[in-house]
Amino acid sequence: MSQSTIDSDTLDSAEADAFRARCRAFLDQHATGIAINGPDPRSDQAVAQSRAFQMKLAEAGLAGLTYPAEYGGQGLTKAHERIWREEYADYPDMTGQLTISHGMCLPMLAEYGTHEQKSAFLAKNISAEHLWCQMFSEPGAGSDVASLQTRAVLDGEEWTINGQKVWTTLAHKCDYGILIARTDPDQPKHRGISMFIVDMKAPGVEIRPINQIDGGIHFNEIFFTDLRIPASWRVGDLNDGWRLATAMLMYERVAIGTGSTSGIKTPNYKWWGDEARRRGRTTDPVVRQFLMRLYSEEATKSLVALRTRAEMKAGKTPGPGGSLGKLHGAKITTLIRSFALEMVGPDTMAWDDTGTDLSGPTEGSRFSTEGSKWAKAAIGSFSANIAGGSDEIQKNIIGDRVLGLPREPSVDKDVAFRDLRTSST
Ligand SMILES: Cc1cc2nc3c(=O)[nH]c(=O)nc-3n(C[C@H](O)[C@H](O)[C@H](O)COP(=O)(O)OP(=O)(O)OC[C@H]3O[C@@H](n4cnc5c(N)ncnc54)[C@H](O)[C@@H]3O)c2cc1C
(Lines give C-alpha, C1' and ligand atoms only; values in the text may rest on other atoms or scores of the structure.)
Protein backbone atom coordinates (compact mmCIF):
# COMPACT_ATOMS: atom_id res chain seq x y z
CA MET A 1 0.00 0.00 0.00
CA SER A 2 1.45 3.41 -0.91
CA GLN A 3 1.99 6.01 1.79
CA SER A 4 -0.80 8.23 0.49
CA THR A 5 -3.41 5.48 0.52
CA ILE A 6 -2.81 4.55 4.16
CA ASP A 7 -5.31 6.50 6.19
CA SER A 8 -5.68 6.79 9.92
CA ASP A 9 -9.11 5.20 9.55
CA THR A 10 -7.50 1.95 8.38
CA LEU A 11 -5.80 1.45 11.76
CA ASP A 12 -8.15 -0.79 13.72
CA SER A 13 -8.20 -0.78 17.49
CA ALA A 14 -6.16 -4.00 17.84
CA GLU A 15 -3.42 -2.53 15.63
CA ALA A 16 -3.57 0.76 17.51
CA ASP A 17 -3.32 -1.01 20.89
CA ALA A 18 -0.39 -3.14 19.74
CA PHE A 19 1.44 -0.10 18.40
CA ARG A 20 0.74 1.87 21.58
CA ALA A 21 2.16 -0.98 23.68
CA ARG A 22 5.25 -1.07 21.47
CA CYS A 23 5.84 2.68 21.90
CA ARG A 24 5.35 2.47 25.64
CA ALA A 25 7.75 -0.47 25.99
CA PHE A 26 10.40 1.47 24.09
CA LEU A 27 9.84 4.65 26.10
CA ASP A 28 9.89 2.78 29.43
CA GLN A 29 13.33 1.49 28.56
CA HIS A 30 14.92 4.48 26.83
CA ALA A 31 13.16 7.75 27.77
CA THR A 32 14.97 8.12 31.04
CA GLY A 33 15.65 11.86 30.79
CA ILE A 34 18.66 13.85 29.71
CA ALA A 35 21.22 14.44 32.43
CA ILE A 36 22.70 17.87 31.85
CA ASN A 37 26.04 18.54 33.44
CA GLY A 38 27.58 21.95 33.00
CA PRO A 39 26.17 25.38 32.31
CA ASP A 40 25.03 24.64 28.78
CA PRO A 41 21.71 22.80 28.33
CA ARG A 42 22.90 22.15 24.79
CA SER A 43 26.17 20.70 26.01
CA ASP A 44 27.97 17.98 24.05
CA GLN A 45 26.48 15.53 26.49
CA ALA A 46 22.88 16.71 25.97
CA VAL A 47 23.24 16.60 22.18
CA ALA A 48 24.90 13.17 22.35
CA GLN A 49 22.05 11.85 24.51
CA SER A 50 19.42 13.16 22.09
CA ARG A 51 21.25 11.52 19.21
CA ALA A 52 21.70 8.23 21.07
CA PHE A 53 17.97 8.12 21.87
CA GLN A 54 17.06 8.81 18.25
CA MET A 55 19.46 6.12 17.00
CA LYS A 56 17.83 3.58 19.34
CA LEU A 57 14.46 4.73 18.03
CA ALA A 58 15.66 4.05 14.48
CA GLU A 59 16.99 0.60 15.45
CA ALA A 60 13.60 -0.19 17.00
CA GLY A 61 11.79 0.80 13.78
CA LEU A 62 10.11 3.79 15.42
CA ALA A 63 11.97 6.75 13.89
CA GLY A 64 10.51 8.81 11.05
CA LEU A 65 7.16 7.04 11.37
CA THR A 66 5.34 8.69 8.47
CA TYR A 67 8.31 9.10 6.13
CA PRO A 68 8.56 6.60 3.25
CA ALA A 69 10.57 3.43 3.91
CA GLU A 70 12.70 4.03 0.79
CA TYR A 71 14.10 7.15 2.49
CA GLY A 72 14.73 5.56 5.89
CA GLY A 73 11.31 6.17 7.46
CA GLN A 74 8.77 3.57 8.54
CA GLY A 75 6.04 4.29 5.94
CA LEU A 76 3.36 4.26 8.67
CA THR A 77 0.20 6.34 9.03
CA LYS A 78 -0.51 9.65 10.71
CA ALA A 79 -2.52 7.63 13.24
CA HIS A 80 0.72 5.87 14.26
CA GLU A 81 2.37 9.27 14.60
CA ARG A 82 -0.46 10.54 16.78
CA ILE A 83 -0.23 7.48 19.05
CA TRP A 84 3.52 7.99 19.38
CA ARG A 85 3.06 11.66 20.32
CA GLU A 86 0.40 10.79 22.89
CA GLU A 87 2.66 8.22 24.55
CA TYR A 88 5.78 10.35 24.32
CA ALA A 89 3.96 13.19 26.11
CA ASP A 90 4.12 11.16 29.34
CA TYR A 91 7.93 10.92 29.29
CA PRO A 92 10.83 13.38 29.54
CA ASP A 93 11.59 14.96 26.17
CA MET A 94 14.66 13.21 24.81
CA THR A 95 14.86 14.91 21.43
CA GLY A 96 14.86 18.63 22.25
CA GLN A 97 18.28 19.07 20.62
CA LEU A 98 16.91 17.70 17.35
CA THR A 99 14.18 20.33 16.93
CA ILE A 100 15.87 22.06 13.98
CA SER A 101 17.22 18.89 12.40
CA HIS A 102 13.94 16.95 12.67
CA GLY A 103 11.23 19.58 13.11
CA MET A 104 12.42 21.84 10.29
CA CYS A 105 15.13 20.45 7.97
CA LEU A 106 13.63 16.96 7.70
CA PRO A 107 10.10 17.99 6.64
CA MET A 108 11.55 20.56 4.23
CA LEU A 109 13.79 18.02 2.52
CA ALA A 110 10.94 15.50 2.42
CA GLU A 111 8.53 18.02 0.91
CA TYR A 112 10.75 19.96 -1.47
CA GLY A 113 13.86 17.78 -2.01
CA THR A 114 14.48 15.82 -5.22
CA HIS A 115 14.46 12.01 -5.17
CA GLU A 116 18.30 12.10 -5.26
CA GLN A 117 18.46 14.53 -2.33
CA LYS A 118 16.01 12.47 -0.29
CA SER A 119 17.90 9.25 -1.09
CA ALA A 120 21.19 10.86 -0.09
CA PHE A 121 20.16 12.69 3.08
CA LEU A 122 16.88 11.63 4.67
CA ALA A 123 17.79 8.31 6.31
CA LYS A 124 20.80 9.66 8.20
CA ASN A 125 18.82 12.72 9.27
CA ILE A 126 15.98 10.52 10.56
CA SER A 127 18.37 8.33 12.58
CA ALA A 128 20.27 11.43 13.84
CA GLU A 129 23.51 10.03 12.45
CA HIS A 130 23.68 13.45 10.79
CA LEU A 131 22.54 16.67 12.48
CA TRP A 132 21.25 19.60 10.42
CA CYS A 133 21.08 23.34 11.07
CA GLN A 134 19.20 26.33 9.59
CA MET A 135 21.22 29.18 8.08
CA PHE A 136 18.84 32.09 7.47
CA SER A 137 19.78 35.02 9.76
CA GLU A 138 22.60 37.42 8.94
CA PRO A 139 23.98 40.44 10.83
CA GLY A 140 21.71 42.74 8.78
CA ALA A 141 18.88 40.32 8.07
CA GLY A 142 16.92 38.82 10.97
CA SER A 143 13.26 39.84 11.12
CA ASP A 144 13.68 41.11 7.56
CA VAL A 145 15.54 38.00 6.43
CA ALA A 146 14.80 38.75 2.76
CA SER A 147 17.47 41.50 3.03
CA LEU A 148 20.13 38.78 3.17
CA GLN A 149 23.48 39.49 1.46
CA THR A 150 25.03 36.01 1.18
CA ARG A 151 25.52 35.36 -2.54
CA ALA A 152 25.38 32.14 -4.55
CA VAL A 153 26.80 32.22 -8.08
CA LEU A 154 26.56 29.29 -10.48
CA ASP A 155 29.94 28.35 -11.89
CA GLY A 156 29.73 25.31 -14.20
CA GLU A 157 28.37 22.36 -12.23
CA GLU A 158 28.84 24.04 -8.85
CA TRP A 159 27.58 27.00 -6.85
CA THR A 160 30.07 29.33 -5.20
CA ILE A 161 28.87 30.80 -1.90
CA ASN A 162 30.25 33.89 -0.18
CA GLY A 163 28.83 35.71 2.85
CA GLN A 164 28.03 35.42 6.53
CA LYS A 165 25.30 33.93 8.70
CA VAL A 166 24.76 34.41 12.42
CA TRP A 167 22.85 32.88 15.36
CA THR A 168 23.03 29.45 13.72
CA THR A 169 21.91 27.07 16.45
CA LEU A 170 24.17 24.04 16.94
CA ALA A 171 26.10 24.66 13.68
CA HIS A 172 29.28 23.66 15.49
CA LYS A 173 27.82 20.18 16.00
CA CYS A 174 26.09 19.77 12.64
CA ASP A 175 26.98 17.79 9.55
CA TYR A 176 24.72 19.59 7.08
CA GLY A 177 22.60 22.71 6.94
CA ILE A 178 19.92 24.42 4.90
CA LEU A 179 21.03 27.80 3.58
CA ILE A 180 19.25 30.61 1.80
CA ALA A 181 21.34 32.87 -0.42
CA ARG A 182 20.82 35.53 -3.05
CA THR A 183 20.96 34.18 -6.58
CA ASP A 184 19.62 37.18 -8.51
CA PRO A 185 20.24 40.70 -7.13
CA ASP A 186 18.43 42.23 -10.11
CA GLN A 187 15.12 40.92 -8.80
CA PRO A 188 13.23 42.42 -5.82
CA LYS A 189 14.55 41.16 -2.53
CA HIS A 190 11.97 38.41 -1.99
CA ARG A 191 12.29 37.01 -5.51
CA GLY A 192 16.01 36.53 -6.10
CA ILE A 193 16.70 34.02 -3.29
CA SER A 194 17.36 30.25 -3.57
CA MET A 195 17.72 27.46 -1.01
CA PHE A 196 20.71 25.08 -0.78
CA ILE A 197 22.10 22.14 1.13
CA VAL A 198 25.52 22.81 2.69
CA ASP A 199 28.13 20.36 3.97
CA MET A 200 29.17 22.04 7.23
CA LYS A 201 32.59 20.33 7.14
CA ALA A 202 33.47 21.51 3.61
CA PRO A 203 36.42 23.83 2.93
CA GLY A 204 35.14 27.40 2.76
CA VAL A 205 32.88 27.03 5.83
CA GLU A 206 34.24 28.65 8.99
CA ILE A 207 32.15 28.21 12.14
CA ARG A 208 32.80 30.49 15.11
CA PRO A 209 30.82 29.64 18.27
CA ILE A 210 29.29 32.58 20.17
CA ASN A 211 29.81 32.60 23.94
CA GLN A 212 26.60 33.59 25.69
CA ILE A 213 25.98 35.55 28.86
CA ASP A 214 24.59 32.42 30.58
CA GLY A 215 27.82 30.51 29.95
CA GLY A 216 26.40 28.40 27.13
CA ILE A 217 27.41 28.07 23.51
CA HIS A 218 24.24 27.39 21.53
CA PHE A 219 24.80 29.27 18.36
CA ASN A 220 27.44 30.49 15.95
CA GLU A 221 28.65 32.88 13.33
CA ILE A 222 29.36 31.20 9.99
CA PHE A 223 31.58 32.62 7.28
CA PHE A 224 31.48 31.31 3.71
CA THR A 225 34.52 32.00 1.58
CA ASP A 226 34.31 30.58 -1.94
CA LEU A 227 32.43 27.56 -0.66
CA ARG A 228 31.69 25.19 -3.56
CA ILE A 229 28.55 23.07 -3.54
CA PRO A 230 27.18 20.79 -6.28
CA ALA A 231 24.53 22.34 -8.56
CA SER A 232 22.27 19.43 -7.61
CA TRP A 233 22.19 20.60 -3.97
CA ARG A 234 19.84 23.48 -4.69
CA VAL A 235 16.48 22.77 -3.03
CA GLY A 236 13.42 23.75 -5.09
CA ASP A 237 13.44 26.04 -8.10
CA LEU A 238 15.96 28.76 -8.83
CA ASN A 239 14.90 32.06 -7.19
CA ASP A 240 12.00 30.33 -5.40
CA GLY A 241 13.87 30.28 -2.08
CA TRP A 242 11.67 32.83 -0.33
CA ARG A 243 8.59 30.62 -0.70
CA LEU A 244 10.56 27.67 0.69
CA ALA A 245 12.06 29.78 3.48
CA THR A 246 8.56 30.86 4.51
CA ALA A 247 7.45 27.21 4.56
CA MET A 248 10.46 26.32 6.73
CA LEU A 249 9.70 29.18 9.13
CA MET A 250 6.15 27.82 9.47
CA TYR A 251 7.57 24.37 10.30
CA GLU A 252 9.86 26.12 12.79
CA ARG A 253 6.97 27.87 14.53
CA VAL A 254 5.01 24.65 14.72
CA ALA A 255 8.07 22.77 16.05
CA ILE A 256 8.70 25.45 18.70
CA GLY A 257 5.06 26.21 19.43
CA THR A 258 3.48 22.75 19.51
CA GLY A 259 6.43 20.58 20.56
CA SER A 260 6.72 16.91 19.80
CA THR A 261 3.84 15.67 21.89
CA SER A 262 0.07 15.56 21.61
CA GLY A 263 -3.00 16.07 23.81
CA ILE A 264 -3.65 18.64 26.54
CA LYS A 265 -0.35 18.99 28.35
CA THR A 266 0.54 21.25 31.25
CA PRO A 267 4.17 20.31 32.00
CA ASN A 268 5.21 23.67 33.47
CA TYR A 269 2.15 23.77 35.68
CA LYS A 270 3.04 20.33 37.04
CA TRP A 271 6.68 21.24 37.47
CA TRP A 272 5.95 24.53 39.25
CA GLY A 273 3.25 22.90 41.38
CA ASP A 274 5.88 20.42 42.64
CA GLU A 275 8.36 23.25 43.20
CA ALA A 276 5.76 25.25 45.19
CA ARG A 277 5.06 22.15 47.33
CA ARG A 278 8.80 21.63 47.84
CA ARG A 279 9.07 25.23 49.08
CA GLY A 280 5.91 25.02 51.26
CA ARG A 281 4.22 27.81 49.26
CA THR A 282 1.00 26.15 48.08
CA THR A 283 -1.22 28.10 50.50
CA ASP A 284 0.19 31.46 49.31
CA PRO A 285 -2.62 33.12 47.29
CA VAL A 286 -0.15 34.73 44.87
CA VAL A 287 1.43 31.35 44.15
CA ARG A 288 -1.98 29.70 43.75
CA GLN A 289 -3.09 32.43 41.35
CA PHE A 290 0.07 31.99 39.27
CA LEU A 291 -0.37 28.23 39.13
CA MET A 292 -3.96 28.53 37.90
CA ARG A 293 -2.98 31.12 35.31
CA LEU A 294 -0.16 28.84 34.12
CA TYR A 295 -2.54 25.90 33.94
CA SER A 296 -5.03 27.89 31.83
CA GLU A 297 -2.35 29.22 29.50
CA GLU A 298 -0.79 25.80 28.94
CA ALA A 299 -4.14 24.09 28.42
CA THR A 300 -5.18 26.76 25.90
CA LYS A 301 -1.85 26.46 24.10
CA SER A 302 -2.36 22.68 23.86
CA LEU A 303 -5.80 23.17 22.31
CA VAL A 304 -4.40 25.51 19.67
CA ALA A 305 -1.53 23.06 19.06
CA LEU A 306 -4.06 20.23 18.59
CA ARG A 307 -5.78 22.28 15.90
CA THR A 308 -2.47 22.98 14.14
CA ARG A 309 -1.55 19.28 14.30
CA ALA A 310 -5.00 18.34 12.97
CA GLU A 311 -4.47 20.66 9.99
CA MET A 312 -1.11 19.03 9.30
CA LYS A 313 -2.70 15.60 9.68
CA ALA A 314 -5.21 16.63 7.02
CA GLY A 315 -2.26 17.16 4.69
CA LYS A 316 -1.84 20.93 5.00
CA THR A 317 1.62 22.51 5.13
CA PRO A 318 1.67 24.50 8.37
CA GLY A 319 0.30 27.99 7.79
CA PRO A 320 0.60 31.29 9.63
CA GLY A 321 -1.50 29.85 12.47
CA GLY A 322 1.76 28.25 13.71
CA SER A 323 2.69 31.75 14.89
CA LEU A 324 -0.09 31.54 17.49
CA GLY A 325 1.57 28.62 19.27
CA LYS A 326 5.02 30.17 18.96
CA LEU A 327 3.86 33.52 20.41
CA HIS A 328 1.86 31.84 23.14
CA GLY A 329 4.88 29.71 24.16
CA ALA A 330 7.00 32.86 24.45
CA LYS A 331 4.31 34.53 26.59
CA ILE A 332 4.22 31.52 28.92
CA THR A 333 8.01 31.67 29.25
CA THR A 334 7.76 35.36 30.23
CA LEU A 335 5.06 34.55 32.79
CA ILE A 336 7.21 31.80 34.30
CA ARG A 337 10.27 34.04 34.44
CA SER A 338 8.58 36.76 36.45
CA PHE A 339 7.06 34.20 38.79
CA ALA A 340 10.31 32.25 39.19
CA LEU A 341 12.21 35.39 40.14
CA GLU A 342 9.52 36.23 42.70
CA MET A 343 9.34 32.76 44.24
CA VAL A 344 13.03 31.93 44.23
CA GLY A 345 13.98 35.44 45.35
CA PRO A 346 17.59 36.47 45.98
CA ASP A 347 18.81 33.02 44.94
CA THR A 348 18.40 34.16 41.35
CA MET A 349 21.10 36.77 41.84
CA ALA A 350 23.62 34.22 43.07
CA TRP A 351 25.89 33.19 40.28
CA ASP A 352 27.90 30.02 40.43
CA ASP A 353 30.79 30.82 38.15
CA THR A 354 32.06 27.26 38.41
CA GLY A 355 28.75 26.43 36.74
CA THR A 356 29.43 22.74 36.79
CA ASP A 357 26.34 21.08 38.14
CA LEU A 358 22.76 22.14 37.62
CA SER A 359 21.34 19.09 39.35
CA GLY A 360 22.23 19.97 42.93
CA PRO A 361 24.54 21.89 45.26
CA THR A 362 28.24 21.77 44.48
CA GLU A 363 30.60 21.27 47.37
CA GLY A 364 32.94 24.22 47.75
CA SER A 365 30.99 26.43 45.35
CA ARG A 366 31.23 30.14 46.14
CA PHE A 367 27.57 30.67 45.40
CA SER A 368 24.39 28.69 45.64
CA THR A 369 24.26 26.30 42.70
CA GLU A 370 20.49 26.31 43.06
CA GLY A 371 20.69 30.05 42.42
CA SER A 372 22.89 29.67 39.37
CA LYS A 373 20.30 27.34 37.88
CA TRP A 374 17.58 29.95 38.26
CA ALA A 375 19.76 32.85 37.15
CA LYS A 376 20.79 31.02 34.00
CA ALA A 377 17.23 29.94 33.28
CA ALA A 378 16.01 33.52 33.73
CA ILE A 379 18.70 34.98 31.44
CA GLY A 380 18.23 32.26 28.84
CA SER A 381 14.44 32.65 28.84
CA PHE A 382 14.62 35.93 26.88
CA SER A 383 15.57 33.98 23.77
CA ALA A 384 12.00 32.62 23.60
CA ASN A 385 10.82 36.08 22.54
CA ILE A 386 13.37 36.25 19.69
CA ALA A 387 14.33 32.79 18.36
CA GLY A 388 12.21 31.60 15.46
CA GLY A 389 11.02 35.18 14.82
CA SER A 390 10.41 37.82 17.48
CA ASP A 391 7.07 38.35 19.26
CA GLU A 392 6.47 41.51 17.23
CA ILE A 393 6.94 39.62 13.98
CA GLN A 394 4.54 36.86 15.12
CA LYS A 395 1.97 39.56 15.91
CA ASN A 396 2.45 41.07 12.45
CA ILE A 397 1.91 37.64 10.85
CA ILE A 398 -1.17 36.93 12.95
CA GLY A 399 -2.57 40.40 12.14
CA ASP A 400 -1.89 40.21 8.40
CA ARG A 401 -2.45 36.58 7.61
CA VAL A 402 -4.67 35.08 10.31
CA LEU A 403 -6.94 38.02 11.16
CA GLY A 404 -6.81 39.59 7.67
CA LEU A 405 -5.92 43.07 8.93
CA PRO A 406 -4.31 45.52 6.46
CA ARG A 407 -0.68 44.64 5.76
CA GLU A 408 2.21 46.88 6.77
CA PRO A 409 3.23 49.19 3.90
CA SER A 410 6.14 47.72 1.93
CA VAL A 411 7.97 50.36 -0.07
CA ASP A 412 10.68 48.06 -1.44
CA LYS A 413 8.47 45.24 -2.73
CA ASP A 414 9.16 45.90 -6.41
CA VAL A 415 12.65 47.43 -6.22
CA ALA A 416 15.63 45.39 -7.50
CA PHE A 417 17.71 44.16 -4.54
CA ARG A 418 20.91 45.78 -5.87
CA ASP A 419 19.16 49.21 -5.75
CA LEU A 420 18.00 48.83 -2.14
CA ARG A 421 19.51 50.40 0.91
CA THR A 422 19.35 47.60 3.50
CA SER A 423 20.68 47.64 7.06
CA SER A 424 23.75 45.76 5.82
CA THR A 425 24.62 47.94 2.81
C1 LIG B 1 18.28 31.35 20.76
C2 LIG B 1 18.26 31.77 19.32
C3 LIG B 1 18.48 30.82 18.33
C4 LIG B 1 18.49 31.18 16.98
N5 LIG B 1 18.76 30.22 16.04
C6 LIG B 1 18.78 30.56 14.73
C7 LIG B 1 19.12 29.58 13.74
O8 LIG B 1 19.37 28.41 14.04
N9 LIG B 1 19.16 29.97 12.45
C10 LIG B 1 18.89 31.26 12.05
O11 LIG B 1 18.91 31.52 10.85
N12 LIG B 1 18.60 32.20 12.98
C13 LIG B 1 18.53 31.90 14.29
N14 LIG B 1 18.24 32.86 15.25
C15 LIG B 1 18.03 34.24 14.81
C16 LIG B 1 16.59 34.73 14.91
O17 LIG B 1 15.79 34.19 13.90
C18 LIG B 1 16.64 36.26 14.86
O19 LIG B 1 17.34 36.70 16.00
C20 LIG B 1 15.26 36.87 14.86
O21 LIG B 1 14.59 36.59 13.65
C22 LIG B 1 15.31 38.42 15.06
O23 LIG B 1 16.22 38.99 14.17
P24 LIG B 1 17.35 39.99 14.70
O25 LIG B 1 18.04 39.36 15.84
O26 LIG B 1 18.17 40.41 13.53
O27 LIG B 1 16.54 41.26 15.26
P28 LIG B 1 15.96 42.47 14.41
O29 LIG B 1 15.27 41.96 13.21
O30 LIG B 1 17.05 43.47 14.21
O31 LIG B 1 14.86 43.04 15.39
C32 LIG B 1 15.16 43.94 16.46
C33 LIG B 1 13.85 44.34 17.13
O34 LIG B 1 13.02 45.04 16.19
C35 LIG B 1 11.72 44.43 16.13
N36 LIG B 1 11.24 44.49 14.74
C37 LIG B 1 11.94 44.23 13.61
N38 LIG B 1 11.13 44.36 12.53
C39 LIG B 1 9.89 44.70 12.98
C40 LIG B 1 8.64 44.96 12.34
N41 LIG B 1 8.50 44.90 11.01
N42 LIG B 1 7.57 45.24 13.15
C43 LIG B 1 7.70 45.31 14.49
N44 LIG B 1 8.87 45.08 15.14
C45 LIG B 1 9.95 44.78 14.40
C46 LIG B 1 11.95 42.99 16.55
O47 LIG B 1 10.77 42.42 17.06
C48 LIG B 1 13.03 43.14 17.62
O49 LIG B 1 12.43 43.47 18.85
C50 LIG B 1 18.23 32.53 16.60
C51 LIG B 1 17.99 33.49 17.59
C52 LIG B 1 18.00 33.12 18.94
C53 LIG B 1 17.74 34.17 19.97
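Among contacts in the protein chain between residues at least 6 apart in sequence, 72% join residues at least 24 apart. The model is predicted. The protein chain has 425 residues, of which 40% count as buried. Its secondary structure consists of 11 helices and eight strands.

**The ligand and its shell**

- The ligand is surrounded by 21 residues. The closest of these are Phe136, Gly142, Ser143, Ala387 and Ser390.
- Three elements each supply at least two residues of the shell around the ligand: the strands β1 (132–135) and β3 (158–169), and the helix α11 (391–402).
- By class, the shell around the ligand holds 11 polar residues, nine nonpolar residues and one charged residue.
- The ligand lies between domain 2 (134–241) and domain 3 (263–389), because both domains give residues to the shell around it.

**Helix α9 against helix α11**

- Besides supplying residues to the shell around the ligand, α11 packs with α9 at an angle of about 145 degrees, and the axes of the two helices are 9 Å apart.
- The crossing in which α9 passes α11 is left-handed.
- On the α9 side, the contact is made by Ser323, Leu324, Lys326, Leu327 and Ala330. On the α11 side, Asp391, Gln394, Lys395, Ile397 and Ile398 take part.
- Sorted by class, the contact of α9 with α11 has five nonpolar residues, three charged residues and two polar residues.

**Thr334**

- Thr334 lies in helix α9, which covers residues 322–344.
- Thr334 and Ala384 are 50 residues apart in sequence, while their C-alpha atoms are 8.3 Å apart in space.

**Helix α3**

- Which residues of helix α3 (residues 78–88) are buried? They are Ala79, His80, Ile83, Trp84, Glu87 and Tyr88.
- An α-helix has 3.6 residues a turn, so residues three or four places apart point the same way.
- The buried residues of α3 pack against another helix, α1 (13–30).

How values were computed:
Residues numbered from 1 in each chain as written. Predicted model: local features only at pLDDT ≥ 70, side-chain atom pairs only at ≥ 80, totals over all residues. Near = placed C-beta within 6 Å. Helix = DSSP H or I, 4+ residues; strand = E, 2+ residues; numbered from the N terminus. Nonpolar A, V, L, I, M, F, W, Y, C, P; charged D, E, K, R; others polar. Domains from an automatic or database assignment. Buried ≥ 20, exposed ≤ 12 C-beta atoms within 10 Å, placed from the backbone. Contact = placed C-beta atoms within 7 Å. Axes fitted to C-alpha atoms, helices over the stretch in contact; angles between N-to-C directions. Left-handed = near helix turned anticlockwise from the far one by under 90°.
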